[in-house]
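Here are a few notes to go with the model, written for a first look. Keep the structure open while you read.

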Amino acid sequence: MANSGKGTYRPDSDVHISFEDQQKINKFARLNAKADDIKDELNIKQNDIKNLEEAVEELALADDSEKIPFLVGEVFICQSLEDTLKSLEDMKVKKQNEICELESKCEELKSQMSELKAHLYGKFGSHINLEKEED
């Protein structure tokens, strides 16, 4: 049976699933989906950091007297090279903090999932598959 780590029960057996067990399977699936969403968000933020670093590298070639257009919301403002570099650094620090928070949330979810996985495998053994499929 194909499974994407969502806590699928294999119906080809005679194992009884209590309401409590079904709730745990459902909770595992929700946590798994949330962890996947966080991983996607982490990838986006890590890519944002790379883009900010590339922008800083490009600005290393700029003339100090030039005004640099900088996007704020939906509007470009022109500011000095020094102010632009500071703005980019501030944005990078903010993204790094967001990444740390997301990594912490992901670890917390993994911990909860491990507890549920241990309980469910302990009860159902090979009759349940909580592992992700490799694409």
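Is Cys78 buried or exposed? Cys78 is exposed, with a relative accessible area of 56% (exposed means over 50%, buried under 20%, partly exposed in between, with a 1.4 Å probe and protein chains only).

1. Before going on, some ground rules. This is a predicted model, where local features need pLDDT of at least 70 and side-chain atom pairs count only at pLDDT 80 or more, while totals for chains, interfaces and linings use all residues. Residues are numbered from 1 along each chain as its sequence is written, and side-chain values use heavy atoms, leaving out hydrogens and water.

2. Cys100 is partly exposed, at 48% relative accessibility. The disulfide count is zero, where a disulfide is a pair of cysteine sulfur atoms within 2.5 Å.

3. Now look for the positive charges. Lys27, Arg30, Lys34 and Lys105 form a positive surface patch (patch residues have over 30% relative accessible area and no salt bridge, and like charges are joined within 9 Å; a salt bridge is a side-chain nitrogen of Lys or Arg within 4 Å of a carboxyl oxygen of Asp or Glu). Helix H1, residues 19–59, gives the largest share of this patch, three residues (helices are DSSP runs of H or I, at least four residues, and strands are runs of E, at least two). Lys27 lies in H1 and is partly exposed at 37%.

4. There is a negative patch too, made of Asp63, Asp64, Glu66, Glu82 and Asp83. Asp63 sits in the loop between H1 and strand S2 (67–72). With a relative accessible area of 43%, Asp63 is partly exposed.

Technical notes: Patches are made of residues with over 30% relative accessible area and no salt bridge: like charges are joined within 9 Å, nonpolar side chains (Val, Leu, Ile, Met, Phe, Trp, Tyr) within 5 Å. Accessible areas come from the Shrake-Rupley method with a 1.4 Å probe; for residues, only the protein chains shown count as cover. Lys and Arg count as positive and Asp and Glu as negative; His and the chain ends are not counted. The place of a charge is taken as NZ of Lys, CZ of Arg, CG of Asp or CD of Glu.
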